[in-house]
Amino acid sequence: MFTKIIATGAYVPEQTVTNDDLAAIMETSDEWIRTRTGIRERHLFEENENEKALRAAAQASEQAIKMAEEKGFSREEIDLIIVATSTPDFTFPAEACLLSDRLGLPGRAAFDISLACTGFLAAFSTASAYLASGMYKNALVVGVDVMSRLLDFSDRSTAILFGDGAGAVILSSDERFREGAESGVQGSILRSDGSRGSVLSYDPIYKNGEGKGSFFMEGRAVFEFAVREVPKLIKDLLSGSGAKDQAETGSTAEAESKAGDEASELKPDDRGACKEAIKPELYVLHQANYRIIEAVAKRLKEPMDKFPYNIDRYANTTAATIPMLLDELLRSGRLRDGEEVVMAGFGAGLSLGAILFRW
Ligand code: COA
């Protein structure tokens, strides 16, 4: 059984907030933000807008449905809806149930997945496993986050990093979309290290809307984790090999400059990893920091032109970064038939995920 991405969509809210706009309300500068992160601007919902996550998810989904319909697909064929989000409109009902209704698709299997920035990869893997099992045939997978809900604009160390947005893909196991014999999802790996959960967390404080939750991030620790673990995860995905259990520490600068092949400190779960060594044409990485993307490219000994990015325009939209970038690549003609593409990300958990597909 094969599973294939047949369409994508993306949405960001209208309001653009530049680094200079942030510098007007907190002690920071465009220069600091650009050189440390690569971010120039982000899109944020206005505070008084309602149904933020639902509207963003629905707009991205409608775009994906429109693209799929141009290939002879009908929205009625969607039988599974999974939404990855950490910032739903409600704790319950699940965003996916509301989205199913908003799209005019009642009665579908619909649920949310919460894995922060790795959420889209977890939702995509789940959908592709369901499709591979034959239980469902066509899945709508959405990554949406309204990070402006959580941000504390008096905390310059976190508020500058995030944006709001949504991305959607339609995955199908229908034979009519099998254009190349080997096209479709080739493998996936998810990993987590809950012992490091405190490094990046948000405590919502369930108190009738009184007070705001608290956002905590050890930026440097997250940076080092990403630079160390993402390349290893990708190598394991591409080779099918396991990684040893060995800890390593170091500064951000060291993490960026070292380009070795150290063993992973996470125990791997290699189910679904590929069996042969593969050299992908594109790496669609989670957009958290341009310097992380550069450091991952360096460790993989791959040129930067294989690592497209849009963090400069959207910042880190959490579960939405990967499907938003995928949508841009597809619409600009950058995804070419037969090419192998890796999607990989990391985030709170601490968690990691990587997926390989052939376009
Ligand atoms: N503007 C100006 N100065 C800032 C600032 C801002 N927005 N935020 C922090 N600083 C200051 C710090 O207070 C610190 O000052 P000090 O040296 O006087 O104490 C200095 O800049 C350096 O801070 P540091 O945290 O060492 O910078 P860094 O090079 O590690 O970059 C991040 C900080 C957050 C950009 C970087 O660590 C990062 O991107 N980490 C990953 C975070 C991430 O991706 N999170 C989401 C994961 S999905």
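Are Arg358 and Glu340 buried or exposed? Arg358 is buried, and Glu340 is buried as well, where buried means under 20% relative accessible area, exposed means over 50%, and partly exposed lies in between (1.4 Å probe, protein chains only). I shall return to this pair after a few remarks on conventions.

Good morning. What I present is a predicted model, in which local features need pLDDT of at least 70 and side-chain atom pairs count only at pLDDT 80 or more, while totals for chains, interfaces and linings use all residues. Residues are numbered from 1 along each chain as its sequence is written, and side-chain values use heavy atoms, with hydrogens and water left out. Helices (H or I, at least four residues) and strands (E, at least two) are DSSP runs, numbered from the N terminus.

Let me begin with the sheets. Strands of a sheet pair through backbone hydrogen bonds, either parallel or antiparallel. Here, two strands pair if DSSP finds at least two bridges between them.

Strand β6 (residues 138–146) pairs with strand β7 (residues 164–172) in the antiparallel sense, over nine bridges. Ala139 has Leu171 as its bridge partner in β7, and Leu140 stands opposite Ile170 of β7. The pairing of β1 with β7 is also antiparallel, over seven bridges, and the partner of Tyr11 in β7 is Ala166. Nine of the nine residues of β7 are buried, so the strand is largely enclosed by the rest of the structure. In a regular strand the side chains alternate between the two faces of the sheet. In β7, Asp164, Ala166, Ala168, Ile170 and Ser172 point one way, whereas Gly165, Gly167, Val169 and Leu171 point the other way.

A further open sheet contains four strands in the order β8-β13-β12-β11, again with mixed pairing. β8 (184–192) and β11 (282–285) form its edges, each pairing on one side only. Strands β11 and β12 run parallel and are joined by four bridges; Val284 stands opposite Met343 in β12. Two helices lie across this sheet. Helix α5 (residues 119–133) lies across β8, β12 and β13, at about 130° to β8. Helix α7 lies across β8, β11, β12 and β13, at about 35° to β13.

I turn to helix packing. Two packed helices are described by the angle between their axes and the distance between the axes. For helix α7 (residues 219–239) and helix α9 (residues 290–300), the axes come within 9 Å and cross at roughly 40°. That makes α7 oblique to α9, given that angles under 35 degrees count as roughly parallel, over 145 as roughly antiparallel, 65 to 115 as roughly perpendicular and the rest as oblique. The crossing is right-handed: a crossing is left-handed if the near helix is turned anticlockwise from the far one by less than a right angle, and right-handed if clockwise. In contact terms (heavy atoms within 4.5 Å), residues of α7 including Phe223, Val227 and Ile234 meet residues of α9, among them Ile292, Ala295 and Leu300.

The axes of α3 and α4 come within 10 Å and cross at roughly 55°. These helices, too, are therefore oblique to each other, and the crossing is right-handed.

Finally, the salt bridges. Side chains of opposite charge can pair when their charged atoms come close. The rule is a side-chain nitrogen of Lys or Arg within 4 Å of a carboxyl oxygen of Asp or Glu, and the count comes to 19 salt bridges. Arg358 and Glu340 meet in one of them, at 2.3 Å from N to O. This pair links distant parts of the chain, with Arg358 in strand β13 (residues 351–358) and Glu340 in strand β12 (residues 340–347), 18 residues apart.

Arg331 and Asp327 form another, the closest N and O atoms being 2.7 Å apart. Both lie in helix α11 (residues 321–331), four residues apart, about one turn of the helix. Arg331 is partly exposed at 44% relative accessible area, whereas Asp327 is buried at 6%. Lastly, Glu77, Asp174 and Arg176 are linked in a network of salt bridges.

Key:
Axes are lines fitted to C-alpha atoms, for helices over the stretch in contact, and angles run from 0 to 180 degrees between N-to-C directions.
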